[in-house]
Amino acid sequence: MAEEQGFVDAGETLANGDDNLPQVGLIAQYVKDLSFENPNAPAVYQWQGQPQIDVQFNIRADTLGEDVHEVALKIDVTAKADQGVAFKVDLLFGGLFGLRNVPQDQVQGFLLAEAPRLLFPFARRVLADAVRDGNFPPLMLEPIDFGGLYMQQQAQAQALQSGETAGEA
């Protein structure tokens, strides 16, 4: 009946084949850059004790076309012992995402929270394999709440814009 009055339901496909529904797809995922350094081999294999592991993350999102975006997870891991650096791994893991009919105010949230969540398990495996191939026990990173981190950063940005000091109680 709505069609008779000239209204089109947003959930229906239009007569000309255009689809109004938001669509998101993972087009490809790939290793952009991977570096593993084992500067103290072979002496490192004789060291006793567990090294201190420092993990740093960064997320970058770039628009490559009208509906295509690249999201890149940068993961830097350094393992240090009293004797020196045991190993260092730098991984840049990327993914191409197609987004169509996604409201503009939701694109950034998807690219900086949901897309990294989808890529992380695969980047984690690449990282674990690289460390294992360096003759160390595989490094299994704990899951990360990218959505929570995104919301925290948004709250901090709003606090800074409103003149509040972020991070103080």
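Seven aromatic pairs are found in the structure, a pair being two rings of Phe, Tyr or Trp (its six-membered ring) whose centres lie within 6.5 Å. Planes under 30 degrees apart count as stacked, those over 60 as edge-to-face and the rest as tilted. The model is a predicted one, in which local features need pLDDT of at least 70 and side-chain atom pairs count only at pLDDT 80 or more, while totals for chains, interfaces and linings use all residues. Residues are numbered from 1 along each chain as its sequence is written, and side-chain values use heavy atoms, with hydrogens and water left out.

One of these pairs joins F36 and F136: the ring centres are 6.4 Å apart and the planes stand at 50°, so the pair is tilted. It links distant parts of the chain, as F36 belongs to strand β1 (residues 23–37) and F136 to the loop between α1 (104–133) and α2, 100 residues apart. Helices (H or I, at least four residues) and strands (E, at least two) are DSSP runs, numbered from the N terminus. F36 is partly exposed, with a relative accessible area of 28%, whereas F136 is buried, at 13%; buried means under 20%, exposed over 50% and partly exposed in between, with a 1.4 Å probe and protein chains only. Ring pairs also bring F36, Y45, F87 and F136 together in a cluster.

A tilted pair is likewise formed by F57 and F120, with 6.0 Å from centre to centre and 50° between the planes. Here strand β2 supplies F57 and helix α1 supplies F120, and the two residues are 63 apart in the chain. F57 is partly exposed, with a relative accessible area of 32%, while F120 is buried, at 5%.

Attention now turns to the pockets. A pocket is an open set of points on a 1 Å grid over the protein atoms alone, where a 1.4 Å probe fits and protein lies on both sides within 12 Å along at least five of seven lines; lining residues have an atom within 4 Å of a point. The largest pocket holds about 350 Å³ of space. Of its 17 lining residues, G49, Q50, P51, F136 and P137 are the closest to the centre.

The second largest pocket has a volume of about 200 Å³. Its lining includes F57, I144 and Y150. Two or more lining residues come from each of β2 (52–63) and α2 (146–161), and α2 gives the most, with four.

Key. Points joined across faces, edges and corners; volume = space filled by probe spheres on them.
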